[in-house]
Amino acid sequence: MRQPVLVGRLLGDLETGQLWRWDQRNAVDIKVESCDLQSVGDLAALVGANTLAIEGPDGQSELLSAARIDLIGPRTCHISQLLRGLAGSEPAAARRALAGALVVGVNEALVPLTTALSDLGRELAYRMMPSGLDAADPSVLEIVTTARGLALKPLAPVHLRARRGPGGITLGWTRRSRIDGDNWELADPPLGEAFERHQVEIFDGAVRKLSLVTGEPAWLYGTNQELADFGSARNTLDVAIEQISGTADPGLVRREIVRVR
């Protein structure tokens, strides 16, 4: 069954938005060829209805879901009540998308550039044409681009925590999964990788003090190592953590200042 794809442009800037909760502050108008979107309930938006990809000035796209769609003029929609930074596009939600940015609806009509891991990183030519048209026809549109493995990167971990004990500071975090990770009945999300490895880095401003790989979502920062790195006990730690993948190494990074409890 053929399904159309919404394509349009932002009519105003979309400001940075908060993650993991409804963005009630930001809304924006989009100009489209046809606005066949309509408002949906919160639950439908949570499971991906009205998902849009909005390209930023850096060429990266943020995926968001819009629960509220209002037709405000000819081929013009107002989108609001947004869920930002979906499917690992959290970094893109932290920057402004400018008026004129490309907007594409994400549905079953979209197909991946490739399904072969061997094609990742290779520059390939793609030809687009209506069904039945000869590939040599002068009306055929050809683009040359490189498929990347962004959709294969492990998501950034969450809930970073640090607790001081007799032997040092135990760092812990919660990993996330792109595979069956929305089941709230599970104590831990599925691994989604052939192995579990996490890279841990500790910083002092711009200086990286330590970098290591651990096989579980926790690590003990020993007191002797802490004193060697900083000279005294720390009340906070600047920590960066990413899950390592065997197919799209490295994953997305979570970096934040963590208070030591």
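## Charged and aromatic side-chain contacts

One aromatic pair is counted in this structure, where rings of Phe, Tyr and Trp (its six-membered ring) pair if their centres lie within 6.5 Å, with planes under 30 degrees apart counted as stacked, over 60 as edge-to-face and the rest as tilted. The model is predicted, and local features need pLDDT of at least 70, side-chain atom pairs count only at pLDDT 80 or more, and totals for chains, interfaces and linings use all residues. Residues are numbered from 1 along each chain as its sequence is written, and side-chain values use heavy atoms, with hydrogens and water left out.

Aromatic rings also take part in contacts with charge. A charge sits over a ring if NZ of Lys or CZ of Arg is within 6 Å of the ring centre and within 35 degrees of the ring normal. Arg197 is placed over the face of Phe195, at 4.4 Å from the ring centre. Likewise, the charged end of Arg234 sits over the ring of Phe230, 4.3 Å from its centre.

Side chains of opposite charge can pair when their charged atoms come close. The model contains 14 salt bridges, each being a side-chain nitrogen of Lys or Arg within 4 Å of a carboxyl oxygen of Asp or Glu. The table gives examples.

| Salt bridge | N to O distance |
|---|---|
| Arg84 and Asp23 | 2.8 Å |
| Glu33 and Arg75 | 4.0 Å |
| Arg176 and Glu90 | 2.6 Å |

Arg84 forms a salt bridge with Asp23. Arg84 belongs to strand S5 (residues 76-86) and Asp23 to the loop between strand S1 (7-10) and strand S2 (28-32), so the pair ties together parts that are 61 residues apart in sequence. Helices (H or I, at least four residues) and strands (E, at least two) are DSSP runs, numbered from the N terminus. Arg84 is buried at 3% relative accessibility, and Asp23 is buried at 2%; buried means under 20% relative accessible area, exposed over 50%, and partly exposed in between (1.4 Å probe, protein chains only). Asp23 and Arg84 are also linked with Glu62 in a network of salt bridges.

The salt bridge of Glu33 and Arg75 joins the loop between S2 and helix H1 (42-46) to the loop between strand S4 (61-73) and S5, so parts 42 residues apart in sequence are tied together. Glu33 is exposed, at 62% relative accessible area, whereas Arg75 is partly exposed, at 40%.

Arg176 and Glu90 meet in a salt bridge. Arg176 lies in the loop between strand S10 (168-174) and strand S11 (198-204), and Glu90 in helix H2 (residues 90-93), 86 residues apart. Arg176 is buried at 17%, and Glu90 is buried at 7%.
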